[in-house]
Amino acid sequence: MRAEVDCYEPVAVPKAVAEDLWIVDGPVVRMAMYGARIPFPTRATIVRLRDGGLWVHSPTPGLTETLARAVEALGPVAHLVSPNRLHYAGLPLWSARWPAARCWASPGVRARAAGQGVGVRFDADL
């Protein structure tokens, strides 16, 4: 039996939650866990800081040109944050698009990314 997980529509679109706060629902990813590939929905949180820069928590995988332009319309991307050892898969695409953004590594994520063969740049540790 194959369990499916639905995405929260619309996907890859910033959705306003409050002033200067958005969520972006991303694609479902499958992660190897307990000998199976478990589906997980993805979601980023974007906060506009006082200086106008954007703080992006858990950037979603599969960054599209349409999503990138929508994010750029909100402000300049200043920080990309991996919140834990599992939510870093979107960082390579987002940091390539916005190389001036500071990439933050949560504890254990550097080793996890290296062990999974994910090439990601981190500038600082949380």
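A salt bridge is defined here as a side-chain nitrogen of Lys or Arg within 4 Å of a carboxyl oxygen of Asp or Glu. The model is predicted, so local features need pLDDT of at least 70 and side-chain atom pairs count only at pLDDT 80 or more, whereas totals for chains, interfaces and linings use all residues. Residues are numbered from 1 along each chain as its sequence is written, and side-chain values use heavy atoms, with hydrogens and water left out.

**View 1. The salt bridge between D20 and R48.** The closest N and O atoms are 2.5 Å apart. D20 lies in the loop between β1 and β2 and R48 in strand β5 (residues 43-48), so the pair ties together parts that are 28 residues apart in sequence; strands (E, at least two residues) are DSSP runs, numbered from the N terminus. D20 is partly exposed, at 26% relative accessible area, and R48 is partly exposed at 27% (buried means under 20%, exposed over 50%, partly exposed in between; 1.4 Å probe, protein chains only). D20 also has a positive phi of about 65 degrees, although it is not a glycine.

**View 2. The salt bridge between K15 and D25.** Their closest N and O atoms are 2.4 Å apart. The pair links strand β1, which holds K15, to strand β2, which holds D25, across 10 residues. K15 is buried at 18% relative accessibility, and D25 is buried at 3%.

**View 3. The salt bridge between R121 and D123.** The N to O distance is 2.9 Å. R121 is partly exposed at 31%, as is D123 at 36%.

**View 4. A salt-bridge network.** E65, R69, E72 and R97 are linked in this network. The count for the model comes to eight salt bridges.

Terms used. Helices (H or I, at least four residues) and strands (E, at least two) are DSSP runs, numbered from the N terminus.
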